[in-house]
Amino acid sequence: MKVGVVGASGFTGGELCRLVDSHPEFELTTATSREYANKTLGSVHPNLRGLDLRFSHPDDLDSLDVLFVAAPHGVTMEHVEEYRDLADLVVDLSADFRLDSEDQYDEWYDGHSAPEHIADGVYALPELHREDLPGAELVASGGCNATATILGLKPLADAGILDGADVTVDVKVGSSEGGAGGGAASSHPERSGVVRPYAPTGHRHEAEIEQELGVQVGFTAHAVDMTRGAAATCHVYPEDLPGTGDLWQAFRECYEDEPFVRLVAGSGGVYRYPEPKAVAGTNYADIGFELDERNGRVVVFSAIDNMMKGSAGQAVHAANVALGIDETSGLEFDGLHPVGAP
């Protein structure tokens, strides 16, 4: 299948190019960039120096089977009809089609310029929407912070443990979340050594969490000194505290057949709980939990690579399902150990 990537010069765009190039069913034919048009992909992404492909201008897009759009928020909604005319499947990695209604975009974003297409968007996470994805023409990849949180809490939601519960989520994220043009806050001198709250309240990803899980959460995000990764710690205070056996049953029933979710719950050793370093470069989500009987609390841990399971990897996974391809195609990398800071 002929595949294109819009916004290919960004961090996530580069990840998409890497994944598409190694995919057995895909051929990367187009990678767009306004700034780097006519330059080689390797001049921007050194890990792709072996690719014999140059960036093209986004105005020069031609017909494709699949189009991944890794552009800033607002771009896809402005060009959605053009993109859908050019490609059988459009996978958007911005927030433009993640939410279900125009009212949500009025509340959480700056409105929506193509509301007639909102209902066509399918939220990309196969762990939630595997049955909705086959045959989809417009897929919306979820936000990385939302993805980590949703995957951590989904087993509790399915088991009814979140009904009436108070939920607080703290997410710590790497600098790549800010993108290649992340600004002063993402520069090394400002980012190094920090644990910096940057969205104490009102983070836009709360909208996705509430939509997908049906629960309101108190959500805070911190920028920390790592390049890749999102680690969510979810504190759940249920009306009726489950036992450890109930929790294991909930998590196993939810994820026992999922190829990219691994349960990591206090097994011992250095990596006895989920952490981003263990999933760097992979499409895995590591999920774990602890029961705090004294305080009536369940603590859930979730770790992903924000640029893979939280973005490009999730997008390819969803495209595989939408197209009827083996869903693990192009995503089999198991990571490295030991590895430096992710």
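In the predicted model, helix H5 crosses helix H8 in a right-handed manner. H5 comprises residues 144-158 and H8 residues 244-255; the two pack at an angle of about 110 degrees, and their axes lie 8 Å apart. Because angles of 65 to 115 degrees fall in the corresponding class, H5 and H8 are roughly perpendicular to each other. On the H5 side, the contact is formed by Ile150, Leu151, Gly152, Lys154, Pro155, Leu156 and Asp158. These residues meet Leu247, Ala250, Phe251, Cys254 and Tyr255 of H8. Classified by residue type, the contact of H5 with H8 contains nine nonpolar residues, one polar residue and two charged residues.

Strand E12, which spans residues 285-292, contains Ile287. With a relative accessible area of 1%, Ile287 is buried, because this value lies under the 20% cut-off. When neighbours within four places in sequence are left aside, the contacts of Ile287 include Leu151, Gly152, Phe251 and Tyr255. Leu151 and Gly152 belong to the H5 side of the helix pair, and Phe251 and Tyr255 to the H8 side. Ile287 is also in contact with Val261, Arg262, Leu263, Val264 and Pro274, as well as with Val300, Phe301 and Ser302. The C-alpha atom of Ile287 is separated by 28 Å from that of Val69, a residue 218 positions away along the chain.

Arg204 occupies the loop between strand E8 (195-199) and helix H7 (205-213). Apart from neighbours within four places in sequence, the residues in contact with Arg204 are Trp108, Tyr109 and Asp110. Between Arg204 and Asp292, which are 88 residues apart in sequence, the C-alpha to C-alpha distance is 29 Å.

At the level of the whole chain, the secondary structure amounts to nine helices and 13 strands. The radius of gyration is 19 Å, close to the 20 Å given by the globule rule for 342 residues, so the chain is as compact as a globular protein of that length. The C-alpha trace extends over about 60 × 45 × 40 Å along its principal axes. Of the 342 residues, 55% count as buried; Ile287 is one of the buried residues. Among contacts in the chain with a separation of 6 or more, 68% are accounted for by residues 24 or more positions apart.

Technical notes:
Residues are numbered from 1 along each chain as its sequence is written. This is a predicted model: local features need pLDDT of at least 70, side-chain atom pairs count only at pLDDT 80 or more; totals for chains, interfaces and linings use all residues. Side-chain values use heavy atoms; hydrogens and water are left out. Axes are lines fitted to C-alpha atoms, for helices over the stretch in contact, and angles run from 0 to 180 degrees between N-to-C directions. Helices (H or I, at least four residues) and strands (E, at least two) are DSSP runs, numbered from the N terminus. Angles under 35 degrees count as roughly parallel, over 145 as roughly antiparallel, 65 to 115 as roughly perpendicular and the rest as oblique. A crossing is left-handed if the near helix is turned anticlockwise from the far one by less than a right angle, and right-handed if clockwise. Contact means heavy atoms within 4.5 Å. Ala, Val, Leu, Ile, Met, Phe, Trp, Tyr, Cys and Pro count as nonpolar, Asp, Glu, Lys and Arg as charged, and the others, Gly among them, as polar. Buried means under 20% relative accessible area, exposed over 50%, partly exposed in between (1.4 Å probe, protein chains only). The radius of gyration is taken over C-alpha atoms; the globule rule is 2.2 Å times the number of residues to the power 0.38.
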